[in-house]
Amino acid sequence: MGGGGCAGSSGGQLATGGSAAIGKGGSSKTSSGAGKSGGAGGGATTVLSHTGNSVQIIAGGAGGGGGQKNSSSAAGAGGNGGVDGAGTNAGLKGVAATGVGGAAGTGSGSPTSGSSSPDTGTAAAGGFGGGASNSFSGGGGGGGYGGGGGAPSTSGVSPGGGGGGSRASGTGVVMAATGGAGGATVTNAAGKPGTAGSVSFTALSQPANVMAVAGDTTATVTWTNPTQPVSPVNYQVYVKPPGGSFTASGSPVTGSDPASVTVTGLTNGDAYDFHVVAYTSDGLSTTSETSSLPTTSVANTSLPTVSGTTASGHTLTADVGTWSGTPAITYAYQWQTCATSDCAGGGSNISSATDSTFVLTGSQTGSYVRVVVTATNAAGSSSATSAATSMIGTAPTNDSAPELTGTPTSGQTLSTTDGNWSGDPTIAYTYAWQTCTTSNCSGGTVTTIPSAAGSSLALADAQYGLYVRAAVTATNSAGASSQYSNVSARVAAAAPVSTTPAAITGTQADGSTLTVSTGSWTGTPTISYTYQWQTCSAVDCSDGTNIPSATSSTFALTGTQVGTYVRAVVTASNAAGPVTAGSTVTGLIAASAIAPTNDT
């Protein structure tokens, strides 16, 4: 909306306040006694909105001077104010959008009093022209806020039109507006130009206390809304990524205080700047101070650790430990060797060992290894070091197999040697024992004997008939390896052994029956028993004589045994063969008792 003339217009950033001057109109002059057109209207004041687009404030120009009325001429209308600058004799009341001149005076002999203050009835209305006897008035002021009144009339002089008013392209932004004064006219001379009106603005206040708090790919931006001169006021958050420019984020908010907006879609670890723009629908705006997204430096809360077999050819793996700090945190690694287990002399970086895993080589044998982990986020970096591993060595290897010693019989003990081994550092040995159903422990069933973990094994009946071998495991910090011993012969049964003699029960007299127990025996099952009864003349039965056919566990005494001692010989038999043991010995066998009878 450009003015016909820009003289007197001014631009400005309304965020900082200020006033907009109104352009002057030109003068009018007489022709055959008639008032001519007023001068051009004033220009427009331009400001910038919060988005950078142009927004115009319409400024009404000053009213032109009115022409003199004589007996043969027509009335002269005031010149247009405002932006078109046409200087026409439109004789219309001012309209804000175009700022045309006001109507001519009535000339009826009755003065039309001009308004000496802005028209408060309608913001778009210009002021009325002044009047004088036998004269037509000058035109009214241009439309807009605060159209001016016409100048006072004097005898023989028709006053000029009222000064131009001003308006803004919206509501609530013009804080004060003053109409320009009308220019006077002089008989048979050029009308005097009116003076400019003015309009002043008050800037919006900046949003205060802007803060940004980081989240996971988000930031929460908060601020305090100040007291504003107009309402409503919108608040828009702007975000600037690293190396970028500020762009609006999300929708504007109004009214809440304190206000809060969550900005999403951020990249963890990047540093962002934020500010908040306050603006109105009229284009007034102001921007807060910039707040940078704060980041918390990384800090180690639990040290890195190293896992894996500490031997050449094996892989060590680093765990970063636990860290605090604003996401995202990245990690870098540096593996080191140390001369001592406590790394008291410091560590030496291993060339190109900068991954989270490291494959040990012979170069590290005899040394200790640790890893330095460096954590980094947008706030900086920090390092933490793991404890050193055990000495890097060579895993044990067997040079000669273990050997068994002992008799492979139930109840006997087998032992194993460790065999001969190579490896560094010191090797420790553990043992396991196995039974096999085949003589070479191949192709059959191999079973580990529970709880058999020493270098010796007491054979039990459970191993009878099976083959036995030992497994020796050699272990050091570099690793472990196992080697089997030779395989024993088939485990033989244990022969029966009497632990408690058989006992004889029953009446020790002719005609009575004696019974013998088996007694108690050890030996590999299954054990079977047979019996042989004997008579003896010696009390210890050292001269015992077998009683023919007396081979059961019971024996019926006869008169033959009266006056002798009796025992039983128990024979226990299993896979290992028969073993005999004598029972306890009876007392002298007595004659049977005969009840007395009368013979005479």
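1. Strands β35 (497-500), β38 (520-522) and β43 (577-582) each give at least two residues to the lining of the second largest cavity, where strands (E, at least two residues) are DSSP runs, numbered from the N terminus. This is a predicted model, in which local features need pLDDT of at least 70 and side-chain atom pairs count only at pLDDT 80 or more, while totals for chains, interfaces and linings use all residues. Residues are numbered from 1 along each chain as its sequence is written, and side-chain values use heavy atoms, with hydrogens and water left out.

2. The structure holds two cavities of 30 Å³ or more, a cavity being a set of points, on a 1 Å grid over the protein atoms alone, where a 1.4 Å probe fits but cannot get out. The second largest cavity has about 30 Å³ of space, a volume being the space filled by probe spheres set on grid points that are joined across faces, edges and corners. Its lining residues (those with an atom within 4 Å of a point) include Ser498, Thr518, Trp521, Val570 and Gly582. By type, the lining of the second largest cavity has five nonpolar residues, six polar and no charged; here Ala, Val, Leu, Ile, Met, Phe, Trp, Tyr, Cys and Pro count as nonpolar, Asp, Glu, Lys and Arg as charged, and the others, Gly among them, as polar.

3. There are six aromatic pairs in the structure, counted where rings of Phe, Tyr and Trp (its six-membered ring) have centres within 6.5 Å, with planes under 30 degrees apart called stacked, over 60 edge-to-face and the rest tilted. One of them joins tryptophan 223 and tyrosine 235, whose ring centres are 6.3 Å apart with planes at 40°, so this pair is tilted. Tryptophan 223 belongs to strand β9 (residues 219-224) and tyrosine 235 to strand β10 (residues 234-240), so the pair ties together parts that are twelve residues apart in sequence. Tryptophan 223 is buried, at a relative accessible area of 1%, and tyrosine 235 is buried too, at 4% (buried means under 20% relative accessible area, exposed over 50%, partly exposed in between, with a 1.4 Å probe and protein chains only).

4. Tryptophan 323 and tyrosine 331 form a tilted pair as well, because their ring centres lie 6.3 Å apart and their planes meet at 55°. Tryptophan 323 is buried, with a relative accessible area of 12%, whereas tyrosine 331, at 32% relative accessibility, counts as partly exposed.

5. Strand β33 (residues 467-476) and strand β34 (residues 479-484) run antiparallel and are joined by six bridges, two strands being paired if DSSP finds at least two bridges between them. The strands β33 and β34 form a hairpin with two residues between them, and threonine 475 stands opposite alanine 480 in β34. The charged end of arginine 469 sits over the ring of tyrosine 484, 3.6 Å from its centre (a charge counts in this way if NZ of Lys or CZ of Arg is within 6 Å of the ring centre and within 35 degrees of the ring normal).

6. Some backbone details deserve a look. The peptide bond from aspartate 424 to proline 425 is cis, with omega near 5°, and proline 425 lies in the loop between β29 (420-424) and β30 (428-436). Cysteine 343, although not a glycine, has a positive phi of about 50°, and cysteine 343 is buried, with a relative accessible area of 9%.

How values were computed
1 Å grid on protein atoms, 1.4 Å probe; cavity = no way out; pocket = protein on both sides within 12 Å on 5 of 7 lines; lining within 4 Å. Helix = DSSP H or I, 4+ residues; strand = E, 2+ residues; numbered from the N terminus.
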